[in-house]
Amino acid sequence: QPFELDVRKPDRSSQIIVTGPHGTRAYSFVEDFLTTATLDTTIATPPVFVGFADTPRTPEEETGLTDRLVILFAGQRSTAADSTRPRDRRSSFKGFQNAAALVVVVDEAEGTMTDLRRSLAGFLDKGSFSLKGHVRKTGTIPTVYVSSQVGTDLLSELGAPVIQLRRTVATDSTFKPVELKRVTISLNLKTHHEVKTSENVVGLLEGSDPELKQEYIVLTAHYDHVGVNPATGDIYNGADDDGSGTSMILELAEAFVSNPKKPKRSMLFMTVAGEEKGLLGSAYYTANPLVPLNKTIANINMDMIGRIDKKHRESASPYVYVIGSDKISTELDSIVQAANRQTVNLALDYEYNDDNDPNQFYRRSDHYNFARNGIPIVFFFTGVHEDYHQPTDTVEKIEFNRMVLIGRLMYTTTWKVAHLPRMLRKDGKPSVYSGRQ
């Protein structure tokens, strides 16, 4: 199932032009500043310096930032004066949603911009992906990160070196936003745009019942990962994320096909693309389904089922996280539990099923696009680990014996759903994240 993607990334022709007491200077993308903006942006407006993202501001001061170009230091005021504590150069920028743009001065130590280039290398090389014609609105304003030298020019009228100014502002409880009247900044951010094609890979096993075969169970796993690090050449192998789920899809398909007794309902075995870029393959599928969504009884999704996370490392008991199985249909959750009791007796861990869990795994894999369309889902998962999104996620670390047990649970759950005399009851409590039911 091919689909087209819009790919956007900052263009090398992007510039910042600063006019101030020392004349006019132009700064170049990558060498002098970085940005994650992926829409063409031209802004020329007087800047205002606010200190840090977490510097206290009154409601009136917040209002005064509307449509302004806001300059601030990277990191947070609460840690800026303490050199022993780690700092987040790309800290949260809540509170600036009405600003025209943000200019973040990265000034903490020599090499910091080099570190930032390294951390953004994948994005700068590959860009931002969205389904063609559906450019995602991120809700963020244009943000650029500038070097200490650029920051010195921007803040020159304040009469202190950037490092000294940072320390002063960090410890000054009376600091207020400062309008920079002798400096004008022009942002000219350009975007490189191209269209690429990807595809979901789908196999259909027709059901054996003349009536029920018109209904479908969709089993999913994503086969994309994050590729190659352009800065180091390291390959992100993705053995667990999601080689484990992709392999399981193939094993389950083979098991159902090999069984002389065929399931009554039809099954769609699907490996999807673009999960790592925003669940794009499953979003395309649910917008362009190969079988009717109103005839899709359930989605069973598997993502990272091959490792043991820190929580369970000391336990000898095999486990699996179960996510979302009761949000739309409590009956589906009952089927998962019954299948588990009758087969492998795994420890079913529902920790991440909580709507308020800070990890929000319910929204972070392909089942979510099915749930948004009111389709009962269950997401099987064994948790994150130190190799998550690292080149070290390699095959020799996979716990194959435990994967077999999870596969048997999935097989039995799917079989039971395939033989229900009717569609699953949608009797779950409305989740704050499940959409159209």
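Leucine 279 is found in the loop that runs between β16 (266-272) and α8. In this predicted model, the phi angle of leucine 279 is near 55 degrees, a positive value in a residue other than glycine. With a relative accessible area of 9%, leucine 279 is buried.

Glutamine 360 is another non-glycine residue with a positive phi, here about 50 degrees. Its place is the loop between β19 (347-349) and α10 (367-371), and its relative accessible area of 12% makes it buried. A further backbone feature is the cis peptide bond that joins aspartate 241 and aspartate 242, where omega is about 0 degrees. Aspartate 242 belongs to helix α7 (residues 239-258).

## Overall dimensions and composition

The protein has 437 residues, of which 50% are buried. Its secondary structure amounts to 11 helices and 20 strands. Taken along the principal axes, the C-alpha atoms fill a box of roughly 80 × 45 × 45 Å.

The accessible surface is about 20100 Å², and carbon and sulfur atoms account for 50% of that area. Among contacts between residues at least 6 apart in sequence, 82% join residues at least 24 apart.

## Nonpolar cores

In soluble globular proteins, nonpolar side chains tend to be buried together. The largest nonpolar core here holds 51 residues, and Ile71 and Phe96 are the ones that touch the most other members. Setting aside neighbours within four places in sequence, isoleucine 71 is in contact with Pro47, Val48, Phe49, Val50 and Gly51, with Val103 and Val105, with Leu154 and Leu155, and with Leu180 and Ile185. Apart from this core lies another, of 38 residues, which includes Ile249, Ala253, Ile297 and Met302.

## Aromatic pairs and a charge over a ring

A pair of aromatic rings is described by the distance of the centres and the angle of the planes. The count of aromatic pairs in the model is 18. In one of them, phenylalanine 3 and tyrosine 284 have ring centres 5.2 Å apart and planes at 25 degrees; the pair is therefore stacked, since planes under 30 degrees apart count as such. Phenylalanine 3 lies in strand β1 (residues 2-10) and tyrosine 284 in helix α8 (residues 280-287), so the pair ties together parts that are 281 residues apart in sequence. Phenylalanine 3 is buried, at 3% relative accessible area, whereas tyrosine 284 is partly exposed, at 22%.

Ring pairs also link Tyr319, Tyr321, Tyr352, Phe361, Phe379 and Phe381 into a cluster. Elsewhere, lysine 327 lies over the face of tyrosine 362, at 5.1 Å from the ring centre.

In helix α3 (residues 112-119), the buried residues are Thr112, Met113 and Leu116. They cover an arc of only 95 degrees around the axis, so they lie on the same side of α3. The elements that cover these buried residues include β4 (33-35) and β10 (143-146).

Helix α6 (residues 162-171) has Val162, Leu165, Arg166, Val169 and Ala170 as its buried residues. Their arc around the axis is only 130 degrees, which puts them on the same side of α6. On the face of α6 turned away from that buried side are the exposed residues Arg167 and Thr171.

## Two loop positions

Serine 173 sits in the loop between α6 and β11 (178-179). Its relative accessibility of 65% counts as exposed. Serine 173 and threonine 55 are 118 residues apart along the chain, and their C-alpha atoms are separated by 8.6 Å.

Leucine 290 has its place in the loop between α8 and β17 (296-302). This leucine is partly exposed, with a relative accessible area of 48%. Not counting residues up to four places away in sequence, leucine 290 touches Gln1, Val202 and Tyr285. For leucine 290 and valine 202, the separation is 88 residues in sequence and 9.2 Å in space, C-alpha to C-alpha.

Notes:
Residues are numbered from 1 along each chain as its sequence is written. This is a predicted model: local features need pLDDT of at least 70, side-chain atom pairs count only at pLDDT 80 or more; totals for chains, interfaces and linings use all residues. Side-chain values use heavy atoms; hydrogens and water are left out. Rings of Phe, Tyr and Trp (its six-membered ring) pair if their centres lie within 6.5 Å; planes under 30 degrees apart count as stacked, over 60 as edge-to-face and the rest as tilted. Helices (H or I, at least four residues) and strands (E, at least two) are DSSP runs, numbered from the N terminus. Buried means under 20% relative accessible area, exposed over 50%, partly exposed in between (1.4 Å probe, protein chains only). A charge sits over a ring if NZ of Lys or CZ of Arg is within 6 Å of the ring centre and within 35 degrees of the ring normal. The arc is that of the directions from the helix axis to the C-beta atoms. Contact means heavy atoms within 4.5 Å. A nonpolar core is a set of buried Ala, Val, Leu, Ile, Met, Phe, Trp, Tyr and Cys residues joined through side-chain atoms within 4.5 Å. Accessible areas come from the Shrake-Rupley method with a 1.4 Å probe; for residues, only the protein chains shown count as cover.
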